[in-house]
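Please have the sequence and the model open while reading.

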Amino acid sequence: MFKRLFGAAIAATLLAAPVQAQQLAIWHDLGDNGTKWLNEVGAEFAKDHPGVSIRPISYPTDQWFGRAIGALNTNTAPDLLFNNYERVIRVATQTGKISDMRPVLAAIPDHGFLTEDDLRVATFDGKMIILPVQRVQMAFGVRKSWLEKTGGQFPQTWDDARRLAEAFQAGDPEGTGKGTVFGFALEAAKPRDLVHMLDLFTFGAGLRHTLVDPDGNVVIDEPQHARVLAEVLKTYGAYKLVPPDTINYSFNEMYQVIEGGRTGMFRVGDWNVAKWDSQAIKGDFLVGPWPRFFPDKQNAVVIGGMRGVAVPVNAPNKPLADAFAAFLLGKPAQQASLRIMGSAVRPDLDMAGLSERQRMFAQPKWALIAYDFPESTLPWYPELEAAFHRKLLTAIATPPADMDAFIKETAAEMRALVKQLQARKG
Amino acid sequence: MPAMRREGVFYLFALPFAALTILFGLWPILLSIQVSFTDSATALQPAPAWVGLANYRAIFADPVFLAALVRTLAYTVLAVAANLSFALAFALLLDSALIGRGRLFFKLAVFLPVVTPDVAGYVVWRWLYDQSFGAVNAALRLLGLPAFGGLASPRTAMLALLIAELWHHAGFYVLIFLANLAILDRAQAEAAQIDGATALQRFRHVTLPQLRPAMAVNLVYAVIQFLKTFTAVVVMTKGGPADATNFVSFYAYQQFDSAQYGQATAMATVLFAIVLLVALTAYRGAERGRA
């Protein structure tokens, strides 16, 4: 009797082994929305993979870097990483342990919806370091009720935008008193803050580079670039169209100004729309391309990057992790991404449940222009950008009497620095 | 109990704390110093590339770091002087007969900021200084005074930061001074008064020398505190505007944030060495004074 029972127990254990629960850990920085999306996709994935569960863990971006780099280097990596392309570059550089996703992509039969730009943005150092899952679009937003109160229209050109900003500030559309509302919400404190703002106006105006071209040539004193740079700097300073404390603003402070109803024009990322449709701004905004600066250039909404999934080479369940990464490009995962995160890469998704503004991002009819990502090809770019940022901050704090001379001087300094950096880092 | 055995028991009890100090105090410092001798791109890898003193040469050739170092030292001198002067004056006021029943209230008022979470306190200060809706400029306007540039101007940002830090830290120094004042030998002051010494002379020649222990503790603590100023900068200025509050600890953090691990830890090591040197010098000075 005992032998039979023992045999049955062994048999039951062996039979149970193939369906033993497996858990895939995925580290991201998308907060609650990201976790909600990945949980939903995980439940869908489990239908074809019984016993497999997904465990999304969200970290603040700074912590995400440290943990990801540390874990990959100490062979305690999670199964998957999810983040912006440029952040995964840093993990790849610091660890050398990010898989090439080209074989995973090749095994997906219908991946033709990924554009050449998408694939270029996902590639670093000859390897596809992420499977692109979400395009990051950033448009120009204007508070609708303020437009109505001041009798304005969505600005088409930079001159329109400036006039509108002045009208907002003079008109006191919130009735909180003059000097309490501002034309634009911008940020400046960290290098990425200020240069990111400049990126949006520059690329949005149809130019292809902000500071350097792909060969490392400094472009800021070329006539069209210089015009955008001068206008952006004056917006922070001489024009007085942003809160005076903007020089110390990073993302959080900029969002406080936007969501606190203190600004008329601001950046709208596709990830902001779902929240701003229902909370904070409560749908009181219009979106469109960034203002046009030049008659010969098409203004556009900016593709500011690509969020995607990466698989560490030392992922504990690598084949399963690859399968889940591929699953994120499937229709159910993409549909959920569009609904919850506000962005996706597949064009064949159901738009029925989306708001009008979400649809504008999901099926863009406006012109799109993608960042050039100099950090992916020029290893010294972050150092150059930090020096450029420092120089621009000086100009915001103490506006130069002659902006053209300042830009020429800055360009000369940046060229000298490029030479130094190239000599040092190649 | 034989002395050897007594010492053995002492070490046995001290062992867990010593182990914790080594594990969580010394080991990270040593690791950080180790990283400062590696190439940033490989710093966090299991087998980093060693670059000798290259990171130290790089930071001492970096004008931003040198400016941050000078700025840090200048801010420390100003902040230590301001905090200790204010704390001493406030403690003397609280210790005097001039304040009667209000003593407890003022003690609480000056000490509460010390136990207030740093970030919450500095966020409020940032709002107070805000140029469009801040209370500081609103009050100045009411009084018909010119506006204060606060955190938005490179000329005033360091002063604005110093005031906020004084609000946060001074209560601790006041408390130390009060503890020392409580054990003063009052007879000496009374004798000096009978001998015709003025109030200022009594303070200078009788009270102040007796406050040397509190002064030494406060000086060492304040020097360490302000050389490492970080939270106020992160919350209020992020090193700006235009580097006006970019101190070494924040600059090192920025370098770390942009993956320059080798240089960031080299900066941290330099700051650590300065803190250690200044603190030891101040401590030695105080010890010598006591002898």
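How many salt bridges are there between chain A and chain B? The count is three. The model is predicted, and the values below are computed from it.

## Interface between chain A and chain B

Chain A puts 25 residues into the contact, and chain B puts in 33 residues. About 2300 Å² is buried between chain A and chain B, with carbon and sulfur atoms giving 44% of that area. On the chain A side, 27% of the area buried against chain B is supplied by Q94(A), N248(A) and R390(A), more than by any other three residues.

R390(A) also takes part in a salt bridge: its side chain meets that of D243(B) at 2.6 Å, N to O. Polar contacts across the interface of chain A and chain B involve eight residue pairs, with both residues at pLDDT 80 or more.

## Elements and residue classes on the chain A side

Four helices of chain A each give two or more residues to the side that touches chain B: α3 (61-73), α4 (85-95), α11 (251-259) and α16 (381-397). With five residues, α16(A) gives the most to this side. Sorted by class, the side of chain A that touches chain B holds eight nonpolar, nine polar and eight charged residues.

## T245(B)

T245(B) sits in the loop between α11 (231-236) and α12 (248-257) of chain B. Is T245(B) buried or exposed? T245(B) counts as buried because its relative accessibility is 0%, and the cut-off for buried is under 20%.

Leaving aside neighbours within four places in sequence, T245(B) is in contact with R71(B), A157(B), M158(B), L161(B), V233(B), T237(B), G239(B) and G240(B).

## Nonpolar cores

In soluble globular proteins, nonpolar side chains tend to be buried together. The largest nonpolar core in this model has 147 residues. Those with the most contacts inside this core are W37(A), L131(A), F184(A), F324(A), L328(A) and L384(A). Helix α17 (residues 403-425) of chain A contributes the largest share of the core, eight residues.

Which residues does F184(A) touch, not counting those up to four places away in sequence? They are F140(A), W158(A), A161(A), A165(A), T235(A), L241(A), V242(A), P243(A), T263(A) and M265(A). Another core, of 55 residues, lies apart from the largest one and includes Y56(B), Y173(B), A266(B) and I274(B).

How values were computed:
Residues are numbered from 1 along each chain as its sequence is written. Chains are lettered from A and ligands numbered from 1 in the order in which they are written. This is a predicted model: local features need pLDDT of at least 70, side-chain atom pairs count only at pLDDT 80 or more; totals for chains, interfaces and linings use all residues. Side-chain values use heavy atoms; hydrogens and water are left out. Contact means heavy atoms within 4.5 Å. Buried area is the accessible area (1.4 Å probe) that two parts lose on being put together, summed over both. A salt bridge is a side-chain nitrogen of Lys or Arg within 4 Å of a carboxyl oxygen of Asp or Glu. A polar contact is a pair of N or O atoms within 3.5 Å; within protein, one must be able to donate a hydrogen and the other to accept it, and residues adjacent in sequence count only if both atoms are side-chain atoms. Ala, Val, Leu, Ile, Met, Phe, Trp, Tyr, Cys and Pro count as nonpolar, Asp, Glu, Lys and Arg as charged, and the others, Gly among them, as polar. Buried means under 20% relative accessible area, exposed over 50%, partly exposed in between (1.4 Å probe, protein chains only). A nonpolar core is a set of buried Ala, Val, Leu, Ile, Met, Phe, Trp, Tyr and Cys residues joined through side-chain atoms within 4.5 Å.
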